[in-house]
Amino acid sequence: MRMKTRFNCKSLKDLILYLFRYPFRQDGSVSNSKPRIYARSEHPISRANISQNALKVLYRLHEAGYQAFLVGGGVRDLLLGREPKDFDVATDASPDEVRELFRNCRLIGRRFRLAHVHFGREIIEVATFRAPHEDEDEADNGTAAVTADDGRILRDNVYGTLDQDAWRRDFTVNALYYNIADFSVVDFVGGMKDLERGRLRVIGDPDVRFREDPVRMLRAVRFAAKLGFRIDPEVEAAMHELSDLLAEISPARLFDEVLKLFHGGSAVQTFEMLRHYGLFAHLFPLTEEALAHEEQGFPITFVMNALANTDARINEDKPVTPAFLYAALLWEPLRHEAEAIMAEDDMPEIPAMQQAAHNIMSLQQRATSIPKRFSLPMREIWTLQPRFRYKSGKRALRLAAHPRFRAAYDFLCLRSRSGELPPEDCRWWTEFQETDASGQQQLMTSGGAAGREGGKPKRRRRRRRPPKKAPSGD
Ligand code: ATP
Ligand code: MG
């Protein structure tokens with residue numbers, strides 16, 4: 001069978017390199033398809049650590065005569081002695097066959113068709129084994145893979161065997177299969193050795209695999225930061241070279257990835273790595289520009305403190321919201337924009353901030369979308385900030401009663417802690433919340449006399465203003 005090339009062979013050299021480095025043979029089978037099998041006694045995975053629902057899915061598939069494996073992050077994390085975030089299952093049953101077995105099953109995805117088996121809030125994702133991409137002609141019937149001219153996979157629904165599936169996964173440590181039939185771990189790609197060595201290696205040629213799906217570069221950072229793994233030098237080189245390919249990914253998919261990147265409990269490390277590989281600029285171009293031109297230390301300190309705070313909350317199982325994360329990451333561009341509007345249009349501070357919020361969100365949405373349910377609270381967190389200066393009378397009480405007060409107060413304290421505002425600003429509002437009504441009266445009397453109260457913000461030297469006006473989506 002003819003196989004479609006996954007990238008444009010611009011020269012004979014490219015073609016030769018491609019044939020040598022990519023693991024698939026021309027007939028679609030895999031060149032090194034004999035797996036290393038680790039028997040139950042050779043690995044630490046115990047069923048006691050696998051979710052009951054995932055086990056139910058695995059057993060039911062198995063009893064119905066299908067192959068059923070736990071795969072991906074579940075196996076990787078169990079082998080590392082970590083608690084998996086979720087459990088993914090791979091099987092030779094087609095999505096329709098999976099649906100027939102589970103009443104509580106929904107088929108999702110077009111680019112990548114999957115079965116979701118629902119158990120209350122837990123979802124077990126069941127994927128049918130993927131095969132290498134087929135002939136372009138077959139793509140027309142809607143079942144085969146579809147690849148863009150630049151090598152990007154647009155649709156990926158060709159079903160195959162276990163060994164084919166293994167080579168289609170992103171990193172070796174993500175391609176380990178726990179077999180429910182005999183409790184062994186099946187390893188086609190040397191993932192077990194990489195896990196032991198703490199090495200993140202792409203399966204196949206990183207250049208080809210990143211062109212197929214540039215989001216894999218973000219995944220590399222996510223896993224390296226979360227697991228404390230070293231990214232293979234060959235993979236690093238491809239990331240430095242190909243980071244611009246992220247421009248082709250839809251803003252909606254990038255928004256989802258941003259949440260996985262920054263709400264995974266290792267946001268500080270992730271942020272530093274994303275910047276190191278030139279990936280952050282594609283997710284938050286305005287922030288990258290503001291940080292690259294910063295003159296005082298607090299903007300970067302502010303972002304780092306916000307991310308450290310997010311990590312701490314996640315590690316304490318406290319809730320986090322994308323609105324706060326985005327508000328923090330875009331704070332510096334927002335401040336520049338508001339200052340520019342105040343200076344150029346001579347607008348008062350609060351309307352200038354509202355206008356700036358609109359401009360910044362419109363520009364950001366070209367990179368990553370911001371769903372409305374988050375853009376509204378973000379705007380409130382920002383536009384409440386100037387109101388914290390008013391510490392007397394009804395204005396303070398009204399602010400404290402605002403539904404977004406708590407998030408805005410946390411934001412204010414981050415600014416204080418990062419050196420943008422004096423520490424007293426946060427302290428005053430902390431005391432205000434902790435004291436009773438008469439204590440509040442006292443504070444308001446003394447707070448009303450405080451030096452900065454009601455004063456206009458200190459004007460800072462104007463910076464370069466982000467490009468004006470973009471189509472609004474928020
Ligand atoms: P997490 O702990 O975040 O869930 P994970 O490795 O399980 O990590 P998922 O996004 O849940 O990541 O994906 C499950 C598995 O599917 C991955 O481990 C990998 O084998 C495969 N996979 C996911 N996304 C891709 C991709 N873009 N390209 C290739 N394989 C992928
Ligand atoms: Mg997973």
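This is a predicted model: local features need pLDDT of at least 70, side-chain atom pairs count only at pLDDT 80 or more; totals for chains, interfaces and linings use all residues.
Student: What percentage of the residues count as buried?
Tutor: Buried means under 20% relative accessible area. The protein has 474 residues. The share of them that counts as buried is 53%.

Student: How many helices and strands does the protein have?
Tutor: Both kinds of element occur here. The count is 23 helices and 12 strands.

Student: What share of the contacts joins residues 24 or more positions apart?
Tutor: Take the contacts with a separation of 6 or more. Residues 24 or more positions apart account for a share of 69%.

Student: Which residues of helix α12 are buried?
Tutor: Helix α12 runs over residues 267-276. An α-helix has 3.6 residues a turn, so residues three or four places apart point the same way. The buried residues of α12 are Ala-267, Thr-270, Phe-271, Met-273 and Leu-274.

Student: What covers those buried residues of α12?
Tutor: The cover includes one strand segment, β12 (230-231). Helices also take part. Among them are α9, α11 (251-262), α13 (280-283), α14 (285-292) and α15 (298-315).

Student: Which residue just after α12 takes a positive phi?
Tutor: Look just past the end of α12. The phi there is about 75°. The residue is Gly-278.

Student: Which helix gives the largest share of the shell around ligand 1?
Tutor: Helices α3 (73-79) and α9 (215-227) each supply at least two residues of this shell. The largest share is five residues. They come from α9.

Student: Which residue has a side-chain N or O atom 2.8 Å from a nitrogen atom of ligand 1?
Tutor: Sort the contacts by atom. Asp-170 uses a backbone N or O atom, 3.2 Å from a nitrogen atom of ligand 1. The side chain of Arg-76 has an N or O atom 2.9 Å from an oxygen atom of the ligand. The residue asked for is Arg-216.

Student: How much of the accessible area of ligand 1 does the protein cover?
Tutor: On its own, ligand 1 has 590 Å² of accessible area. The protein covers 84%.

Student: Which residues are the protein donors of the magnesium ion?
Tutor: The ion is ligand 2. Its protein donors lie 2.2 to 2.5 Å from it. They are Asp-86 (OD) and Asp-88 (OD).

Methods. Residues are numbered from 1 along each chain as its sequence is written. Chains are lettered from A and ligands numbered from 1 in the order in which they are written. Side-chain values use heavy atoms; hydrogens and water are left out. A polar contact is a pair of N or O atoms within 3.5 Å; within protein, one must be able to donate a hydrogen and the other to accept it, and residues adjacent in sequence count only if both atoms are side-chain atoms. Accessible areas come from the Shrake-Rupley method with a 1.4 Å probe; for residues, only the protein chains shown count as cover. Helices (H or I, at least four residues) and strands (E, at least two) are DSSP runs, numbered from the N terminus. Donors are N, O and S atoms within 2.8 Å of the metal (3.2 Å for Na, K and Ca); water is not among the atoms, so sites may look incomplete. Buried means under 20% relative accessible area, exposed over 50%, partly exposed in between (1.4 Å probe, protein chains only). Contact means heavy atoms within 4.5 Å.
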